[in-house]
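Here is a walk through one protein chain. Keep the structure open and follow along.

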Amino acid sequence: MSSEHSLLIHETLLSLSNAFETAGIPDPQTDAELIVGSVLGESRGRVQSLAIMGGTLEPAQRERIESLASERAQRVPLQHLTGKAPFRHFELDVGPGVFVPRPETETVVQFAIDELQADMAPEPLALDLCTGSGAIALAMASEVQRSRVWAVEKDDHARAWAERNVARLGDGRVTLLAGDVTSPPAEIQQLKGRLSVIATNPPYVPSGAIPRDPEVRDHDPQLALYSGEDGLSLIRVISRTYREYLRPGGLIVIEHAEMQGSAVRDILAADGWNSAATHRDLTFRDRATTARA
Ligand SMILES: C[S@@+](CC[C@H](N)C(=O)[O-])C[C@H]1O[C@@H](n2cnc3c(N)ncnc32)[C@H](O)[C@@H]1O
């Protein structure tokens with residue numbers, strides 16, 4: 001970071017964003033504002049106002065900011081440093097050991113929420129396979145108050161974060177289960193034929209396609225990223241296994257990589273799913289495929 005150690009917020013922001021730019025961070029100004037905001041306990045907008053109004057930092061605050069900033073400059077994910085990841089209308093607790101929820105998943109989960117909202121059942125049932133931090137399950141439950149949601153996660157570290165998020169943000173309608181989605185836990189087997197929606201953001205990176213961003217490559221858990229040579233191994237198992245878990249006409253929503261849409265549609269069609277369709281995210285990339293049981 002800069003040598004002058006200014007206590008002026010606007011100079012601190014400038015120093016951080018210069019360092020982040022040098023480190024190749026894509027949006028250096030935003031990250032600088034969010035790091036300062038996390039130490040001050042203020043929103044990004046408020047940090048911007050304080051900077052304009054000549055706001056200052058306590059020496060201890062500046063020290064803490066510098067320490068976080070130097071980790072960020074080494075490409076530790078911003079969300080691991082702030083401990084928070086925004087998702088839909090809440091903030092999830094995240095850190096080492098759990099996949100950081102992404103903005104594109106916020107778009108993917110909308111298909112599940114729309115389906116649950118349109119469902120006439122008094123209590124539509126939903127399942128989130130590979131829940132990670134609990135992002136998709138909690139979004140479905142909180143935005144469709146009539147719903148009940150089950151969430152399955154294999155990894156103990158990830159599940160510990162999900163437990164924390166479900167305890168803080170849930171209201172008893174999300175049931176988190178330890179398990180491997182390739183052999184559905186007993187509680188899930190009891191839901192056969194009754195689910196309205198299955199939503200999943202499974203690992204889908206091909207094993208040889210090492211992500212370029214150090215935040216992803218070095219900090220997202222391997223189990224969250226890779227799924228066989230073409231990235232589709234787990235999606236194949238989900239397609240084969242879970243159609244009978246939905247009620248007739250129920251919807252599956254699968255997040256996948258930009259180039260995997262047609263392969264995912266083919267997998268689903270071969271397994272007897274109907275109306276497979278691929279959808280774009282806000283940047284016009286194919287990121288989700290839906291199909292009906
Ligand atoms: C890409 S992350 C998605 C996490 C979360 N759903 C989200 O959208 O932020 C995939 C998650 O699947 C979990 N996972 C991978 N293989 C699994 C399996 N066979 N059974 C259950 N969970 C699995 C990983 O541990 C990871 O948490």
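Predicted model: local features only at pLDDT ≥ 70, side-chain atom pairs only at ≥ 80, totals over all residues.

Gly41 sits in the loop that links helix H2 (28-40) to helix H3 (44-52).

Next, take a pair of helices. Helix H1 (residues 9-22) packs with helix H4 (residues 59-73) at an angle of about 15°, and the axes are 10 Å apart. At that angle, H1 is roughly parallel to H4. The crossing of H1 over H4 is right-handed. Which residues in H1 and H4 meet? H1 brings Thr12, Leu16, Ala19 and Phe20. H4 brings Arg62, Ile65, Ala69, Arg72 and Ala73. By class, this contact between H1 and H4 has 6 nonpolar, 1 polar and 2 charged residues.

Follow the chain out of H4. Arg75 lies in the loop between H4 and helix H5 (78-82). Its backbone stands out: Arg75 has a positive phi of about 70°, although it is not a glycine. Is Arg75 buried or partly exposed? It counts as partly exposed, because it has 18 C-beta neighbours inside 10 Å; a buried residue would need 20 or more.

A hairpin comes next. Strand S1 (residues 84-87) and strand S2 (residues 90-93) pair in the antiparallel sense, over 4 bridges. One of the pairs is Pro86 with Glu91 in S2. The hairpin has 2 residues between its strands, and Arg88 takes a positive phi near 50° there.

Now turn to the open sheet. It has 7 strands in the order S5-S4-S3-S6-S7-S9-S8, and the pairing is mixed. Which strands stand at the edges? They are S5 (174-178) and S8. Each has a single partner strand, so one side of each is left without a neighbour in the sheet. On average, neighbouring strands are turned by 15° against each other, direction ignored.

Strand S4 (residues 148-153) runs parallel to S5, and 5 bridges join them. Ala151 has Leu176 in S5 as its bridge partner. Helix H8 (residues 156-169) packs on the sheet here, touching S4 and S5. The direction of H8 makes about 165° with that of S5.

Move along to strand S7 (residues 246-255). Why is S7 described as largely enclosed by the rest of the structure? Because 7 of its 10 residues are buried. On one pairing, strand S6 (residues 195-200) and S7 run parallel over 5 bridges. Leu195 stands opposite Leu246 in S7. On another, S7 and strand S9 (residues 286-292) are antiparallel, again over 5 bridges. There Glu255 has Ala288 in S9 as its bridge partner. Strands of a sheet pair through backbone hydrogen bonds, in either sense.

Ser275 has a positive phi of about 50°, although it is not a glycine. Is Ser275 buried or exposed? Ser275 is exposed, because 11 other C-beta atoms lie within 10 Å, and 12 or fewer counts as exposed.

Terms used:
Residues numbered from 1 in each chain as written. Axes fitted to C-alpha atoms, helices over the stretch in contact; angles between N-to-C directions. Parallel < 35°, antiparallel > 145°, perpendicular 65-115°, else oblique. Left-handed = near helix turned anticlockwise from the far one by under 90°. Contact = placed C-beta atoms within 7 Å. Nonpolar A, V, L, I, M, F, W, Y, C, P; charged D, E, K, R; others polar. Pairing = 2+ DSSP bridges.
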